[in-house]
Amino acid sequence: MVSNADIEAVVEASGGVEQIHRDLADFRRRFKLLDSQVPKLVEARPNEWVAMPEGDDMVFAASFDELLARLREAGRPTNTAAIKFLDPNPRVLIV
C-alpha cells in the first residue's frame, strides 16, 4: 500500500503541486492544439503518428516505436508529449 509519505515524496520530486498543475495545464493545451489540427494533418500525413512535445513542435513517424525513438533522439520527454495516430478512417463508436 502507498503511504502519504510516498505520495508526498513523489509530489515533491515532481516540483510540487503547483508545478504538477502547470504541467497538466500545458499538456491539455498542447493536446487541444494538436487535436484542432488533426483534420489537416490526416490529409497531409495519413496513417502516421504525430507527437507534440513541450515546445509545441511536431514530430512525425510511421510507427509508434519510431515516434518514441525520434522524441528520445531529440532529447524530448516521451511521457509528456501529446500523441495521436492520424487515422483517415477512424472507427465511430456509438455509445
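The chain has 3 helices and 3 strands, both assigned as DSSP runs numbered from the N terminus, with at least four residues (H or I) for a helix and at least two (E) for a strand. Along the sequence these elements follow the pattern α-α-β-β-α-β. The model is predicted, so that local features need pLDDT of at least 70 and side-chain atom pairs count only at pLDDT 80 or more, whereas totals for chains, interfaces and linings use all residues. Residues are numbered from 1 along each chain as its sequence is written, and side-chain values use heavy atoms, with hydrogens and water left out.

The overall dimensions come next. The radius of gyration of the chain is 16 Å, well over the 12 Å that the globule rule gives for 95 residues, so the chain is more spread out than a compact globule. Here the radius is taken over C-alpha atoms, and the rule is 2.2 Å times the number of residues to the power 0.38. Along the principal axes, the C-alpha atoms fill a box of roughly 50 × 40 × 25 Å. Of the 95 residues, 21% count as buried, where buried means under 20% relative accessible area, exposed over 50%, and partly exposed in between. Among contacts (heavy atoms within 4.5 Å) between residues at least 6 apart in sequence, 47% join residues at least 24 apart.

The strands pair through β1, where pairing requires that DSSP finds at least two bridges between two strands. β1 (49–52) and β2 (59–61) pair in the antiparallel sense over 3 bridges, and β1 also pairs with β3 (82–85) in the antiparallel sense, over 4 bridges. W49 takes part in both pairings: W49 stands opposite A61 in β2, and its bridge partner in β3 is F85. β1 and β2 form a hairpin with 6 residues between them, and G55 in the turn has a positive phi of about 110°. D56 lies in the loop between these two strands and has a positive phi near 70°, although D56 is a residue other than glycine. At 30% relative accessibility, D56 counts as partly exposed. N47, in the loop between α2 and β1, is likewise not a glycine and has a positive phi of about 60°; its relative accessible area of 43% makes N47 partly exposed.

The interior can be described through its nonpolar cores, each a set of buried Ala, Val, Leu, Ile, Met, Phe, Trp, Tyr and Cys residues joined through side-chain atoms within 4.5 Å. The largest has 9 residues: L34, V38, L41, V42, V50, M52, F60, A82 and L86. Both α2 (17–44) and β1 supply at least two residues of this core, and α2 gives the most, with 4 residues. Leaving out residues up to four places away in sequence, L86 touches L41, V42, R45, P46, N47, E48, V50 and F60. A second, separate core of 7 residues includes A51, A61, L68 and A81.

R30 counts as buried, at 1% relative accessibility.

Helix α3 (residues 64–73) has L67, L68 and L71 buried. Seen down the axis of α3, its buried residues fall within an arc of 95°, so they line one face of the helix; the arc is that of the directions from the helix axis to the C-beta atoms. The buried residues pack against β1, β2 and β3, while the face turned away from the buried side carries the exposed residues D65, R72 and E73. L68 has 13% relative accessibility and therefore counts as buried. Neighbours within four places in sequence aside, L68 is in contact with T78 and I83. L68 and A51 are 17 residues apart in sequence and 8.7 Å apart in space, C-alpha to C-alpha. Just after α3, G75 takes a positive phi of about 75°.

Key. Buried < 20%, exposed > 50% of the residue type's maximum accessible area, 1.4 Å probe, protein only.
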